[in-house]
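Let us walk through this fold one element at a time, beginning with a single pairing and widening the view from there.

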Amino acid sequence: MNARILHLERARGAHPRMLVLLIEWSKRGTFDICVAMHGGVRTDPGVQTMLSGGGMSAASTLKVTPHGRAGALDLWPLGFLAYVPKSFGGNAARWASWAELPQLIRDQFAEFGRFSKALGFRWGGDWVGKNYPNGDQPHHELTDWQRLPFPPPTYAFPVELEALLASTS
Ligand SMILES: [Zn+2]
């Protein structure tokens with residue numbers, strides 16, 4: 001028990017129903033995960049433009065991405081961190097292709113995806129298409145995010161997660 005969630009502060013502002021995923025993983029997860037940079041609620045239109053232009057998001061505006069409505073989280077196994085490029089806050093020269101990832105990391109993405117779906121979330125790893133031949137593996141969202149208000153209100157951060165933050169900082 002007690003899987004760690006690194007950069008949990010990046011999830012602040014996400015919808016409380018979305019954050020259930022992190023609360024449950026912290027209790028029952030079998031490996032540590034990380035909240036991606038810009039992987040929680042997004043409020044800066046410039047950031048969305050940058051992500052969209054860089055091929056990291058299919059949505060060109062905040063209104064049409066669940067991240068703009070606080071209804072999504074991008075999460076990955078900790079072992080994936082080494083592949084984050086410098087321009088995205090990591091230390092690698094570029095993103096790794098799916099084919100380059102170690103099998104362990106691919107298996108962990110899949111395990112976390114199954115965990116998420118079992119809790120009722122929609123997992124981007126299921127979206128296999130032209131732009132994302134292996135799906136959007138880090139992406140998890142509420143199935144009804146389009147009905148969430150835009151821009152999102154200030155959602156409270158659950159006490160369980162505040163406690164986790166306090167215990168790890
Ligand atoms: Zn996402």
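Which residue in strand 5 is the bridge partner of Arg122? In this predicted model, the bridge partner of Arg122 in strand 5 is Glu141. The pairing belongs to strand 4 and strand 5, the latter covering residues 139-141, and these two strands run in the antiparallel sense with two bridges between them. Against the sheet lies helix 3, residues 103-118, which touches strand 2 (33-35), strand 3 (72-77), strand 4 and strand 5, and the direction of helix 3 makes about 145 degrees with that of strand 3.

Taken as a whole, the sheet is open and has five strands, arranged in the order 1-2-3-5-4 with mixed pairing. Strand 1 (5-6) and strand 4 (122-123) stand at its edges, and because each has a single partner strand, one side of each is left without a neighbour in the sheet.

Six of the six residues of strand 3 are buried, each having 20 or more other C-beta atoms within 10 Å of its own, so strand 3 is largely enclosed by the rest of the structure.

We turn next to a pair of helices. The axes of helix 1 (residues 16-28) and helix 4 (residues 159-168) come within 10 Å and cross at roughly 55 degrees, which makes helix 1 oblique to helix 4. The crossing in which helix 1 passes helix 4 is left-handed. On the side of helix 1 the contact is made by Leu19, Leu22, Ile23 and Ser26, and on the side of helix 4 by Glu160, Leu161 and Leu164; sorted by class, these are five nonpolar residues, one polar and one charged.

Finally, consider the loop between helix 1 and strand 2, where Phe31 is found. Leaving aside residues up to four places away in sequence, Phe31 touches Ala3, Pro77 and Gln108. Glu141, with which this account began, is 110 residues from Phe31 in sequence and 21 Å from it in space, C-alpha to C-alpha.

Note on methods:
Residues numbered from 1 in each chain as written. Predicted model: local features only at pLDDT ≥ 70, side-chain atom pairs only at ≥ 80, totals over all residues. Pairing = 2+ DSSP bridges. Helix = DSSP H or I, 4+ residues; strand = E, 2+ residues; numbered from the N terminus. Contact = placed C-beta atoms within 7 Å. Axes fitted to C-alpha atoms, helices over the stretch in contact; angles between N-to-C directions. Parallel < 35°, antiparallel > 145°, perpendicular 65-115°, else oblique. Left-handed = near helix turned anticlockwise from the far one by under 90°. Nonpolar A, V, L, I, M, F, W, Y, C, P; charged D, E, K, R; others polar. Buried ≥ 20, exposed ≤ 12 C-beta atoms within 10 Å, placed from the backbone.
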